[in-house]
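Please read the following report alongside the sequence and the coordinates.

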Amino acid sequence: MKPLAWLASFRLRILFRSAFLLLALAVVAMAVAVLQEEKQRSYDNYQASFAKTKEQIVARLRHPAGQLALLNPPRDDGPVTPLRPVMLPFSAIDFDDQGKVRHAVEMAGCLVQYKNYGSLCVAIANNAWAGGFIYAAGTFVSSTLVPHRIGNEFLDGAHRLRVVVSLRGETYRWLAPFEVPGRNERRRASGTRGRFTGYVELDDRDYTGEMPVKEFRGWVWQSGRCLDAASESDEACEKKSFFSLRLPIDVLRDALFQPEKPQWPPPDLDQFQVRVEVLPPGDGPAIFDSNADGAVAPFSLNDLTDLLLPGETLTIRKAGRVEEADQVQLRGKHEVIEESSLLLTRLIRKLPVERFDAPVELADEVATPMGNHQIVLHGDARSVNQILSAVATRVSWFVGAMLLAIALAWLVIEIGIIRRISHLTRCSSALSRRVKTTDGLDRFDLADLRGGDELGILANCLNDLLRRVKEDAERERIRAEQERDLWHAVGHEIMSPLQSLLALHRHAGDPSHRYISRMQQAVRVLYGGASPSETFQSSTLQVQAVDIAEFLRNVADNAGFADVRCAPAQGPVPVRADEYPLEDVFSHILKNADRYRQPGTPITLTLETTETTATVTVHNVGQRVAEDFMDKIFEYGVSELAEAGANGNRGQGLFVGKTYMAKMGGTIAVRNVDDGVSFVLTLQRMRVVGAQ
């Protein structure tokens, strides 16, 4: 039990510290559990997003714009202009039909976009035997096109095209004025249809005698609607025009007739340069220039990098070829990730998730007119750790703040409550061991714990209580010394006359001899004792056989009070008792009963016996004992009368009775009855040797 008792004194401290420790561990465990759950969710989302990315890439590549990108090497990050031809996924373009040409270039996605509704596609067919032409198609915005009058030697009086093509050290220049085949074509309300007739560009304005280039073909269709619906003049408003060109390239055509089979597309296709300008009548600036700034390039394989996450790799190669030159490899852009904690990064790597270490790779195949292309997408799940680590680093400040708040709360409670409680506990424990004496009370000082909070108020109260205890203990010590001196003096003064009276009544049969002996015994008990209560408790009795029936008759006859009645008993009833102390017990009880009985009513003594006990009931008719006072009536110094001390009653009669009864192995109790109060005394019967 001692170890448990020692542990109980630390129970409150253990409870507080354990609670805060468990709270801190719960916060850390919650953070780790959330990280693991987020890692699993992020990995699952990455797997789904990875598969979705592959489907998006394949869908783009199967679209005609994707087909165009597969057939052409990815462009670098340089300027879009000057334009370079791309190979279309078509064997040829019907450049004379506006609908077919428009559908072909729009579906192929080869148009380079410019400001003010401008666009241009420069391309070659995917068949080398299409004639070695470069096709150009696009749109521009201008006022109503002014045609060139047939027969006029000067071309600058009409809208016209200037086309410049540079490749393999050769430069081709054409100037193509707008011409209308017939008058009816120009008068159509739906728009104007005409052609561009190509001439080799000259430095001089005079084209007298010059013949148009036979293989140069160009058509233009101008809409009949003004772009600005509020425009008042139909001739001056701007309208959208769509044109298509077929440019004959002698270098390409000559390569078709070489002994060796021409390589198609040309390996130097990305070095071809094409410029198309739309010039107004006169010497004004170009309406449209393909080399103008702000051009937006069409879709290219490099644009697929926007779909890739950091660490992902897209490999595109022709099916059946493994040479590095025949493949395109794109990598996801490395984003600038926030700095993360190394400790959190290692922790996140250690957190287990399902199938995290499995390789992430998806493959598919896309068919093109020039053959099939294999698409392989490699993933990198480590990016999940990096992103999660960056997020966890930001969230860790909140977790750290929670742990800091817990630590501060524990520190405040530890210093402000636990330490003070520990000090109060030590002082209270030591005080409880020393409270019986006043020697060690001065060493307890709680003044440093006093304050305005609850523990400070408690320390104030304990400090005041301790001060009062020391004062009361000092007063009690002085009173005890005075009382002991008083009893010494009283005993000394009484013993001398009692000794003289005993000499006068020395015969044992003399009734006075009995009472004088009782008085001497009482004086001897009190004389020299520390205090009456301590003296009575430390006294030793001579227990022997006493006939309680005869004893009660003698008590009733010599009680000194009127009308004390004793019920007669049949024969002797020996009990274990000391005659003189027992007589003192009945004397105090009868005196108490006489004090509280109603005038004219008797005090009755009733004896009841069993095989082992003899019970005496002392009853008086009168005032009943208060219920809250019945447990205190036998305590030393307790009296129900407020004026008891003034009348000489010290509140020790019933205390003496209970003490003597206990030493004789008996008991004494009080109970309220209907008409008064009864004291019940129980003694053990003594079997007389030889009795039947």
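## Basis and overall make-up

This is a predicted model, in which local features need pLDDT of at least 70 and side-chain atom pairs count only at pLDDT 80 or more, while totals for chains, interfaces and linings use all residues. Residues are numbered from 1 along each chain as its sequence is written, and side-chain values use heavy atoms, with hydrogens and water left out.

The secondary structure comes to 14 helices and 23 strands, taken as DSSP runs (helices H or I of at least four residues, strands E of at least two) numbered from the N terminus. Of the 692 residues in the protein, 40% are buried, where buried means under 20% relative accessible area, exposed over 50% and partly exposed in between (1.4 Å probe, protein chains only). Helix H3 (residues 64–71) is mostly covered, with seven of its eight residues buried, among them Gln67 and Leu68.

## A buried arginine

Arg160 belongs to strand S5 (residues 160–167). Arg160 is buried yet has no salt bridge, the nearest side chain of opposite charge being that of Asp283, 5.0 Å away; a salt bridge here requires a side-chain nitrogen of Lys or Arg within 4 Å of a carboxyl oxygen of Asp or Glu. The side chain of Arg160 does, however, reach the backbone oxygen of Ala158 at 3.0 Å.

## Salt bridges

A search of the whole structure finds 16 salt bridges. In one of them, Arg168 and Asp268 meet at 2.8 Å, N to O, and this pair links distant parts of the chain, 100 residues apart, with Arg168 in the loop between S5 and strand S6 (170–179) and Asp268 in the loop between helix H6 (250–255) and strand S11 (273–279). Arg168 counts as partly exposed at 43% relative accessibility, whereas Asp268 is buried, at 16%.

Arg253 and Asp250 form another salt bridge, with their closest N and O atoms 3.7 Å apart; both lie in helix H6, three residues apart, about one turn of the helix. Salt bridges that share partners also join Arg162, Glu201, Arg275, Glu277 and Asp289 into one network.

## A nonpolar surface patch

Leu404, Leu408, Trp410, Leu411 and Ile415 form a nonpolar patch on the surface, with about 460 Å² of accessible area together. Such patches are made of residues with over 30% relative accessible area and no salt bridge, nonpolar side chains (Val, Leu, Ile, Met, Phe, Trp, Tyr) being joined within 5 Å and like charges within 9 Å; accessible areas come from the Shrake-Rupley method with a 1.4 Å probe, and for residues only the protein chains shown count as cover. Leu408 lies in helix H8 (residues 382–434) and is partly exposed, with a relative accessible area of 46%.

Terms used:
Lys, Arg positive; Asp, Glu negative; His and termini not counted. Polar contact = N/O pair within 3.5 Å; in protein donor to acceptor, adjacent residues only side chain to side chain.
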